[in-house]
Amino acid sequence: MLNKIKKLQSEVEDFRTNNLEELDQFRIKMLGKKGEVTLLFGEFKQVPAELKRDFGQAINVLKNSVQDKIKTLFSELKTVDSGPSGQDLTAPGEPSPLGTRHPISLVRNQIIDIFKRLGFNVSIGPEIEDDWHVFSALNFPPEHPARDMQDTFFINQDPDILLRTHTSSVQVRVMENEKPPIRTISPGRVFRNEAISARSHCIFHQVEGLYIDKNVSFADLKQTLQFFAKEIFGPSTDIRLRPSYFPFTEPSAEMDISCSLCNGKGCNLCKYTGWLEILGCGMVDPNVLESVGIDSHEYTGFAFGMGIERIALLKYNIKDIRLLFENDVRFLEQFQNAQ
Ligand code: DAH
């Protein structure tokens with residue numbers, strides 16, 4: 001029996017493996033229910049009393065060296081298993097911070113969502129445009145000040161290639177390519193040669209709306225815009241339409257909403273008028289319909305255009321438009337849960 005113990009002892013010392021499965025088999029072979037060491041403990045009963053002390057010691061030494069061996073090999077193999085650099089690949093990962101939607105995107109998506117529910121589709125057009133789509137087809141007279149270098153960024157003159165100053169150019173493109181009925185909104189970036197201040201920027205975003213069909217009336221326009229205002233600023237929002245002028249609509253109007261800060265009582269934000277201007281609108285001028293080949297006797301339509309920044313400033317009570325372009329994460333993170 002002592003010989004057997006010695007043999008097992010050297011087997012334990014010689015045992016090598018780089019495989020966790022083999023190590024487990026070794027454990028079972030030695031310490032399992034029918035393992036060598038376990039069996040030795042069983043045989044121990046038959047050992048004569050005077051030898052029990054020596055045998056007992058020898059078996060315990062063997063058992064301890066099996067356990068030590070398993071322990072060392074296991075910790076070695078675990079480090080190897082967890083990757084070449086010794087990192088623990090099973091440890092939970094470091095969370096990467098979640099980004100937030102930019103307030104311009106939030107508001108644009110809300111506007112799209114509201115008009116989609118009214119059956120409007122979304123159309124987009126190029127930011128680099130020609131004179132026809134930005135001015136001529138929209139009934140701008142040749143001497144209109146918007147055509148001036150002071151207001152418009154020109155890329156080329158004669159032929160005039162320019163950065164669009166409004167998304168109304170997209171309504172021309174849609175009408176050129178599609179037959180009525182047309183119900184579309186066109187979000188996009190626009191450019192104006194303006195000084196940057198807390199209230200205006202030379203690059204900003206607009207959403208244009210256009211509805212052309214038989215018998216579209218001013219009442220349809222008003223109803224649509226009232227629905228929009230209540231959806232985006234809340235159900236207690238009132239609207240009012242003031243007569244205005246745009247070359248591409250007749251009649252034209254500007255829409256105000258009741259001041260969201262003072263509820264119409266008068267405050268600094270609304271300059272004590274109780275109202276905030278948010279968009280331009282009107283019935284599409286028959287000249288515009290004719291310029292894109294739509295019969296203005298058969299069809300009528302309405303159009304509107306609004307600045308996304310303006311809506312975002314009012315909705316989130318932002319005091320300076322430049323914050324929207326600086327992309328300071330401390331500012332943007334505040335919109336994590338914004339609706
Ligand atoms: N294009 C105008 C602007 O940039 C906004 C506008 C006003 C669009 C009236 C329209 C409209 O479609 O009917 O100021």
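How many residues does the hairpin that joins E7 to E8 run through? Two. I'll come back to that.

First, the ground rules. This is a predicted model, where local features need pLDDT of at least 70, side-chain atom pairs count only at pLDDT 80 or more, and totals for chains, interfaces and linings use all residues. Residues are numbered from 1 along each chain as its sequence is written, and side-chain values use heavy atoms, with hydrogens and water left out.

Now the strands. Strands here are DSSP runs of at least two residues, and helices (H or I) are runs of at least four, numbered from the N terminus. Strands pair if DSSP finds at least two bridges between them. E7, residues 239-246, runs antiparallel to E8, with seven bridges joining them. Leu 241 faces Met 255 in E8. On to E9: E8 pairs with E9 over eight bridges, again antiparallel. There, Ile 257 has Leu 276 of E9 as its bridge partner.

Why is E8 largely enclosed by the rest of the structure? Because eight of its ten residues, 249-258, are buried. Buried means under 20% relative accessible area, with a 1.4 Å probe and protein chains only.

Next, the ligand. Look at the polar contacts (N or O pairs within 3.5 Å). A polar side-chain atom of Glu 208 sits 2.5 Å from a ligand oxygen. For the side chain of Arg 192, an N or O atom is 2.7 Å from a ligand oxygen. Phe 304 uses a polar backbone atom, 3.3 Å from an oxygen of the ligand.

Terms used. A polar contact is a pair of N or O atoms within 3.5 Å; within protein, one must be able to donate a hydrogen and the other to accept it, and residues adjacent in sequence count only if both atoms are side-chain atoms. Buried means under 20% relative accessible area, exposed over 50%, partly exposed in between (1.4 Å probe, protein chains only).
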